[in-house]
There are 2 protein chains.
Amino acid sequence: MSLTIKLQITSSISPFKLNPKTHKNPIISHFSQIPIYHYNKLTNKATTFSPIRSKKMKPHVTKSSLIEPDGGVVVDLIVPEDQRDLKALEAETMAKVRLTKIDLEWVHVISEGWASPLKGFMREDEYLQSLHFNSLRLVDDGSVVNMSLPIVLAIDDETKERIGGANDVALVGPDLNTVAILRSIEIYKHNKEERIARTWGTTAPGLPYVEEVITPAGNWLIGGDLEVLSPIKYNDGLDGYRLSPKQLREEFDRREADAVFAFQLRNPVHNGHALLMNDTRKRLLDMGYKNPVLLLHPLGGYTKADDVPLDVRMEQHSKVLEDGVLDPETTIVSIFPSPMHYAGPTEVQWHAKARINAGANFYIVGRDPAGMGHPTEKRDLYDPDHGKKVLSMAPGLEKLNILPFRVAAYDTVAKKMAFFDPSRAKDFLFISGTKMRTFARTGENPPNGFMCPGGWDVLVKYYASLQAEEAAAPVVVSA
Amino acid sequence: MSLTIKLQITSSISPFKLNPKTHKNPIISHFSQIPIYHYNKLTNKATTFSPIRSKKMKPHVTKSSLIEPDGGVVVDLIVPEDQRDLKALEAETMAKVRLTKIDLEWVHVISEGWASPLKGFMREDEYLQSLHFNSLRLVDDGSVVNMSLPIVLAIDDETKERIGGANDVALVGPDLNTVAILRSIEIYKHNKEERIARTWGTTAPGLPYVEEVITPAGNWLIGGDLEVLSPIKYNDGLDGYRLSPKQLREEFDRREADAVFAFQLRNPVHNGHALLMNDTRKRLLDMGYKNPVLLLHPLGGYTKADDVPLDVRMEQHSKVLEDGVLDPETTIVSIFPSPMHYAGPTEVQWHAKARINAGANFYIVGRDPAGMGHPTEKRDLYDPDHGKKVLSMAPGLEKLNILPFRVAAYDTVAKKMAFFDPSRAKDFLFISGTKMRTFARTGENPPNGFMCPGGWDVLVKYYASLQAEEAAAPVVVSA
């Protein structure tokens, strides 16, 4: 598949040129005047936006940080170039631990500081705090940072045996290249049942990350401090969009952003999403921010088989910007390298926490974030409201401004995506992800205004290619 | 069964009369010199005891508090006597919610402030924080208190229907007496699977509290502020031993305790326990405390069928004090009214937190606290070390001094219970609860020195009475 991604990710623009009121995008001119709510973490009450941060802001000054990373510093575990040869030699002397593709994604995540202040795979104390408290207490000052997902490395009995009493091990990627050293290791039991129950709130069979990652994994976890021999690359043509938290912070500074609002997604962008993002920007301007920047931040690690693959999504996002649905001048599209757990309220905290480390001080949370259907029962796995509730109360996320997502649907009267108005509910059409995929698969067009035509074409082509593949595949007849 | 409990629970004694070095109890004179460890919550490292609190202590001054209750005040939800008639009349006008025996135990727990600052059954925000974070952030000042177990009241569809849009409901006990009012109620979904998974870390069938309490309960939870019409009493001859947190704090003051160390138990006290408790007292004296008091605090609420019942345990504890194994002058025996979840590391936090509210500033934690066998697999449900690890890191418990339990076993050389010495492991005999019960059931005596004879007799008689009951029961022949 040939990609035609032309995202502007490095342009340095003046924060004062853009005026959404005069912007020509027809969607923007139809913004409804629905308030965005701001969750006050102490009173746990939603109030309408107040410019609480704008007093502290000094616009037009390059800032290293709109929001402090967890632990005060963005962790960077990439070995400096001049030490790489030496460390690589040293690693050759160590017991080897083989990484899966998804383990390597976690090495990437940890190495760039998305999980700051975590400096490696979790040791047991960190693992237990994550499982029980969704947070870590820092040794230095007793402060608390959010850490809702266990970020762990599993090994099997044979590997544990082979490591023996060693202090350090070498981590070897799926392609057999040595990618990292794990220092001062600690090996402890991997109680899968407990990990699954406390992370997902269910042990029902059929959770994608559990089936593909946890169940086949070994019965031990190995924690330690990570030293990564060189930056993790995928060579899939998208590495240029994989900005690290440090690079993103630099980019926000270069653009002189005085607010950054992050939008986590693992699906194509339709006009309802765009409406929300543009509306958020407008609200931030109304609050007094001069240059709010959108971080459109698709998840790039493991996703389940029926999700749209990253390359297709990136192409679709590119079209959304090309078609002017989102403004490239105030949008940064970058890939969030984390794998997906589909763990609802537990995982959404991770999604928000990682964006703090990347410098976003506003986070948009949707209905049922990181949710999915219950794997064995006919219902959502999570209460759709729990994600934003848990996020608004989560330890360590007090400094982040949480923006609950307004529900958008297709307004059959206005013939466009609009915020749902319960007083005329019958005018609205909800187009689920499943329905959208069915449209794209059958070649049927969604209602006009659901998604920009360029973006929609990308999806149609993707599903057509899938069907061609299926048609070409040999038919297996079971005995 | 006739009880002969003669516990000294109100005597006011001088803190200077007791000298354990001259005390005649033979067990005390054999204390081994094993250090007690103190967990530093910030560094999460165990260090040997240092008299960190003794600097702040002002011995010999009656203090209202050795440790501040969570939220600053011990909650007291009992309606003052002069308002009871009026409130009872008002309650008659309200929709009724029927309580189970165990619901009523929770009313008791909440009403006396064991769960301070909780003022009633949890609303959804509290429930979610408890499930996900094992803690609550206080609205007033943003501070965090521990709250690891959801303390909730379930109702069924029919009751929810009957309540309709009411603001307040009346709570009716199993005997149909109105016991409380629940104000400003909130009704929300009772997702049992998620509650069980996040509380126990498993959803395997056979968890006692789940089977007896949660599975039969309704699909809704009702939260609100509790007003209890009169103190909860059980009329079982033991109400005098059910001191509230407020009464315990008063008793500690009356005794001029300058340290209170709590021992949670739901089993008979053997000499290994006693060794530990007496050793702890000695260590506290060595640290400079002048009058450390032991709170021997058996759990009095729901326990599983094969645990020894409360009345038998109280009689056994009484014998332990009569026989001089524990010193009545520096021991307070009182009943902790909470039901038992058997939820390991999650529950031990509740056990510790409730004792903070009762004024204990030291908490002894054992191996595998609140643990049990896995209900469907041949292993412990929890890693035996996780309880003390989780406790030492738990949010909101930083102010409590955690004392990890040294393992005691029967020393076949010294012919007494002693701290386990791994260098001569073969000399030690581990007598499990199951083995102890088998001894008592079969009338066989445990090794001399395992338990004081008076205490042992109580158990033997209890198991003999069980066997007599079994023998007298009609034999049911299945068709």
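This is a predicted model: local features need pLDDT of at least 70, side-chain atom pairs count only at pLDDT 80 or more; totals for chains, interfaces and linings use all residues.
Residues count from 1 along each chain as its sequence is written, chains are lettered from A and ligands numbered from 1 in written order, and side-chain values use heavy atoms, leaving out hydrogens and water.

**Exercise 1.** Work out which strands are at the edges of the open sheet in chain B.

*Solution.* Start with the order, β16-β15-β17 in chain B, with antiparallel pairing. Strands here are DSSP runs of E, at least two residues, numbered from the N terminus, and two of them pair if DSSP finds at least two bridges between them. Now look for strands that pair on one side only: these are β16 (416–419) and β17 (428–429) of chain B. Next, check β15 (residues 408–411) of chain B against β16(B): four bridges join them. Along the way, B:Y410 stands opposite B:M417.

**Exercise 2.** Describe the aromatic pair of B:W114 and B:F336, and find out whether each residue is buried or exposed.

*Solution.* First, the geometry: centres 5.2 Å apart and planes at 70°, so the pair is edge-to-face (Phe, Tyr and six-membered Trp rings pair with centres within 6.5 Å; under 30 degrees is stacked, over 60 edge-to-face, the rest tilted). Then accessibility: B:W114 is at 0%, so buried, and B:F336 is also at 0%, so buried (buried is under 20% relative accessible area, exposed over 50%, partly exposed in between, with a 1.4 Å probe and protein chains only).
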